Every structure is written in C-alpha cells, then in structure tokens.
Amino acid sequence: MRRYVIVFVLVTIGCAQNGRAQAQKERPARPVIYNFISQEADPIDQMVRDRYGRKYEIVEIRKEPTYAGARLTRTRFPNPVYDNANMEVSGSVRVCVIITADGRLVDPFIIGSANPLLVRPVLEVLKEFRATPARFHGAPVAAVDALKFRFGDLPRRRLDTQSNR
C-alpha cells in the first residue's frame, strides 16, 4: 500500500511540473522595448504605455549613461499629397514607432495628424526606414521613438526626430 502511495505522489508531482511547463510554453514572455523619458508627464509616454503596454514589456529609461538612443540611417520623405481639388495638402503627422534591435521600424501608431490624407503616405514610407538601434550597456535593444513629418511648401517639408520630445 505504501508503495502505491509513493508512486501516486511522484506521478502527481510530475504531472504538476509538466502542467506548469505547458503553461509557460503557452504564455511566452513579451518582447522588451525601451522608452526614453526626457520629461516627466509627457502625454506621448502615456500613449506609448497605452498602445504598446499589452504587447510589449516597456522599460522606461531616464538619464542613463549606459543608454544611447537609436539614430535613423535611411529615410525618405513621402511624396507630396494632393486633395480632390488638386491642391497640395499641408500639415504635419506625428507617429511613434519601435526601432528593433536590428534597425527596422515596426508597429507604428499615429499620435496626431493635421489631415487624414497624410497618414497613409507616412505609414508607407516608414517601411523603407532603417536605423542604428538603441544600445543599453553596449547591447542593441528595441526602443520607442517619435517622428514628425511636416508637409507643405519645400522649406517646411521635413522630417523631425523627436527623441528629445
């Protein structure tokens, strides 16, 4: 009888450990992204938490000597956009993106846009962008960055990086 009890207990322990291992396989760890906080209570940081918080583990970095932000290396400004009256649309589009550890820009979301006609061209051109990734303790890491595209007359057409939001 004692032998059966010991075997039963060992089988039960083995099943419990197997169940925990299965649960860990089903719930993989979320990818980690870094968000540099340049000023407290910035509304963009709350938008980042709201948008990316369910999908990513967000590490907020403040002034940290071992952190270096990402730098864009390949960009292109979207072509001019024209409305139904064939007039060039002016305004700006602010967008947040994740710059991956291999330098791709992924998972963009629009923070604000002066004109909805400008959003699609911005999202399309972001697919071509590349960057040197952010580094934390010398290792490349995924990081959040904010960009602002200004449309309109040529002196105003430009891309502003907002890493110092």
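Select R62 and E60 to begin: the two residues form a salt bridge whose closest N and O atoms are 3.9 Å apart, where a salt bridge is a side-chain nitrogen of Lys or Arg within 4 Å of a carboxyl oxygen of Asp or Glu. The model is predicted, so that local features need pLDDT of at least 70 and side-chain atom pairs count only at pLDDT 80 or more, while totals for chains, interfaces and linings use all residues. Residues are numbered from 1 along each chain as its sequence is written, and side-chain values use heavy atoms, with hydrogens and water left out.

Colour next by accessibility: R62 is partly exposed at 38% relative accessibility, and E60 is partly exposed as well, at 27%, given that buried means under 20% relative accessible area, exposed over 50%, and partly exposed in between (1.4 Å probe, protein chains only).

R49 counts as partly exposed, at 32% relative accessibility.

From E60, move across to N35, which stands opposite E60 in β2. Showing the strands as a cartoon, one finds β1 (residues 32–36) and β2 (residues 57–61) paired in the parallel sense over 5 bridges, pairing being assigned if DSSP finds at least two bridges between two strands. The chain crosses from β1 through helix α2 (residues 43–52) to β2 in a right-handed β-α-β crossover, a term used if, with the strands pointing away from the viewer, the path from the first strand over the helix to the second runs clockwise.

Select D42 next, in the loop between β1 and α2. D42 is buried, with a relative accessible area of 10%, and its side chain reaches the backbone nitrogen of I44 at 3.1 Å.

The last stop is D107 with K55, whose side chains meet in a salt bridge (3.3 Å, N to O). D107 lies in strand β6 (residues 105–113) and K55 in the loop between α2 and β2, so the pair ties together parts that are 52 residues apart in sequence. D107 is buried at 17% relative accessible area, whereas K55 is partly exposed at 49%. In total, the structure holds 9 salt bridges.

Terms used:
Helices (H or I, at least four residues) and strands (E, at least two) are DSSP runs, numbered from the N terminus. A polar contact is a pair of N or O atoms within 3.5 Å; within protein, one must be able to donate a hydrogen and the other to accept it, and residues adjacent in sequence count only if both atoms are side-chain atoms.
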